[in-house]
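Subject: Structure for you to look at

Hello,

Here is the structure I said I would pass on. My notes on it follow below.

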Amino acid sequence: MTTDEVAGESSRGRRLGGHVVLGVLSLACVFPIYWLYATSLRAPQDVYSLSVLPWPLSTASYTEAFAKNDVLGMLFNTGVIAVLSALGQLLVALLAAYAFAAWRFPLQRLLYLMFVGTWLVPFQATMLPNYVLLSRLGLLETLAGVIIPTLCSALGVLLLREHLNGFPKELLDAARMDGRSSWSTLWTVVVPALRPALAALGILLAISAWNEYFWPAMVLQRSNAVVQLGLRSFMGTEGNDWGPLMATAGLACLPVFVLYLVLQRHIVNAFVRSGLK
Amino acid sequence: MVSGAFVEVPAPVRSREACAAGMTDTVPASPAPWQRVRRIAPPYLYLLPAVVLLIVWTYQPLAQTFVLSTYSWNLVPSTPMVDVGLGNYERLLSSPELGRSVWRTVIVILGMLPFTLVIPVAVALLTRRVRGRAQGVYRALVFAPMLVAPVAGAAVWQWLLDPSAGAVNRVLGTDVNWLNTAGTAQLSIIVITGWHVVGFAVLVVTAGLAGINPDYAAAAQIDGASRSQVTRWITVPLLSPTLAFLVLMTVLLSAQWTFPLIDTLTQGGPVGSTTNLYYLLWEYGFRSHDAGLAAAAGVLFFLGFIVVAALLTRLAERLSHHDD
């Protein structure tokens, strides 16, 4: 930072400019979110108010939202999907990444490329056959139909493999000396060391599953079982009932925002605490 | 979040033979076939669930899409599928909708670039001096829209853009029906999508900048290069792999990002002005129940994806030789 000291005045100006730029961008990014919650907290007669602070505060919109839709049921279903989908993806990805990192075997490269290659297969190129397959299996309009096809996350496999490649081989060797099976090594040596990476990836996968729209919209066509679809049909039927609509939208985002606050701290802690990198 | 995976070239597998051999080799090797299976099987067993899922839900459907694209079928299991050869492709390519939707897809991608490339690079370069706690706060704020569920984002923007009561028209003093006018609907979709992803792109560029070795810039400065020269000739070239990644992401994911917004806000309208390729495919399959046509469009989409990804990956590889 010697250039800072030499540059002095102009460096302070640049830093101030940086704060202005980031401040404006932050405001632009956060304002719609703020407006969503502000509108949802206004009293019904104030919904059209342009005042920045919603005052007096009122929970009338939330009461109405709960009365019109089974919001809690939708949130619960979406939560179940997000948690099961994230846990399933973590398990499948962990096993696959372990195979890639701990062994050398014939066809390894081809199998690895199979995972990389999924980036090139756009979802829309496979959606029709997947839909037909789900309908043959009788899984249309079920939560299982939403979860099962997502269980293999190529992103998860690639990320975990990268983490495992940095894993000290001595630990695996030591476990082998102890005469442990590969299965027990995975759970007693690898998983505890990978916990921060697994937690971070799990949160990422859970948030994506929570926010997923396209696939649930296909599988659950006519039902409002998950919050994204309930919100869509609410927009369609009561599009101008802004207070309750914003309340529902606010509730649809709330769990993710809460998780985001935890996630930031969690990741920092995880990296500080983990002895292995 | 999908970072790097496109441009990443899998690292050569390091020697793990010792480890591999040892894993199950606690008993002295014997020629019995069972022992051989026991020694060879573990990695395949660990891979089995992932690979089965991958084949069932990605590769087998992809192959089926190719097959389906030569049939005429309405998605109802009881109706027979009729083999029409390349008829679907002829129908698709002669339909004026296709050309228009491809053009709109290109517009969306070009319209997204300011949000995924121009603004992020400008912001990241201008704010390099901001560090510490303040940086953490900004980071948390600009990333927040990425976490907003697309439908919730659509709901709040529908409210902000409402023609009579919305904040945008009232603040601007205008009377525009943003989402229901052919000219502004596409623009609105682009801006809303841009709002979702701009913070994420800023963080990607900032991370890219942080990864650049400051010695290069310091050396150039000692040689008398001005600040803007350093930015133009050192920083931006070294950043080019990150930029290539952002362009690739924009091209491949724009249609996907806009889908929930189009489906909830405009349904492809008004008069088709927001129907991009992705939405057209969805309409063929799930509105017109024309499985063959939708599959043919899916195949073209896939092939287009491959071509674009190959071109951009090659470009990224060429650019990334800078930092050797």
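For the helix packing described next, an axis is a line fitted to C-alpha atoms, over the stretch in contact in the case of helices, and angles run from 0 to 180 degrees between N-to-C directions. Please keep in mind that this is a predicted model.

Helix packing in chain B

Helix H9 of chain B (residues 214–222) packs against helix H10 of chain B (residues 227–266) at an angle of about 165 degrees, and their axes are 10 Å apart. Angles over 145 degrees count as roughly antiparallel, and H9(B) and H10(B) are therefore roughly antiparallel to each other. Their crossing is right-handed. On the H9(B) side the contact is made by Tyr216(B), Ala217(B), Ala220(B) and Gln221(B), and on the H10(B) side by Val230(B), Ile234(B), Thr235(B) and Leu238(B). Sorted by class, the contact of H9(B) with H10(B) has six nonpolar residues, two polar and no charged ones.

Contact between the chains

Chain B and chain A contribute 76 residues each to their contact. Helix H2 of chain B (residues 33–68) supplies the largest share of the chain B side, with 16 residues. That side of chain B has 60 nonpolar, 12 polar and four charged residues.

Domains of chain A

The domain assignment of chain A gives domain 1 (2–63) and domain 2 (67–273). Taken over C-alpha atoms, the centres of these two domains are separated by 32 Å. Their contact takes 10 residues from domain 1 of chain A and eight residues from domain 2 of chain A. On the domain 1 side, helix H2 (9–40) and helix H3 (60–68) of chain A each supply at least two residues; H2(A) gives the most, with four. The residues on this side divide into five nonpolar, four polar and one charged.

Backbone points to check

Most residues other than glycine have a negative phi, and most peptide bonds are trans.

- The peptide bond from Trp55(A) to Pro56(A) is cis, with omega near 0 degrees. Pro56(A) lies in the loop between H2 and H3 of chain A.
- Glu141(A), not a glycine, has a positive phi of about 60 degrees. Glu141(A) sits in the loop between helix H6 (123–136) and helix H7 (143–147) of chain A, and is partly exposed, with 15 other C-beta atoms within 10 Å.
- Val271(B), also a residue other than glycine, has a positive phi near 40 degrees. Val271(B) is in the loop between H10 and helix H11 (277–286) of chain B, and counts as exposed, with 9 C-beta neighbours inside 10 Å.

Regards

Methods
Residues numbered from 1 in each chain as written. Chains lettered and ligands numbered in written order. Predicted model: local features only at pLDDT ≥ 70, side-chain atom pairs only at ≥ 80, totals over all residues. Parallel < 35°, antiparallel > 145°, perpendicular 65-115°, else oblique. Left-handed = near helix turned anticlockwise from the far one by under 90°. Contact = placed C-beta atoms within 7 Å. Nonpolar A, V, L, I, M, F, W, Y, C, P; charged D, E, K, R; others polar. Domains from an automatic or database assignment. Buried ≥ 20, exposed ≤ 12 C-beta atoms within 10 Å, placed from the backbone.
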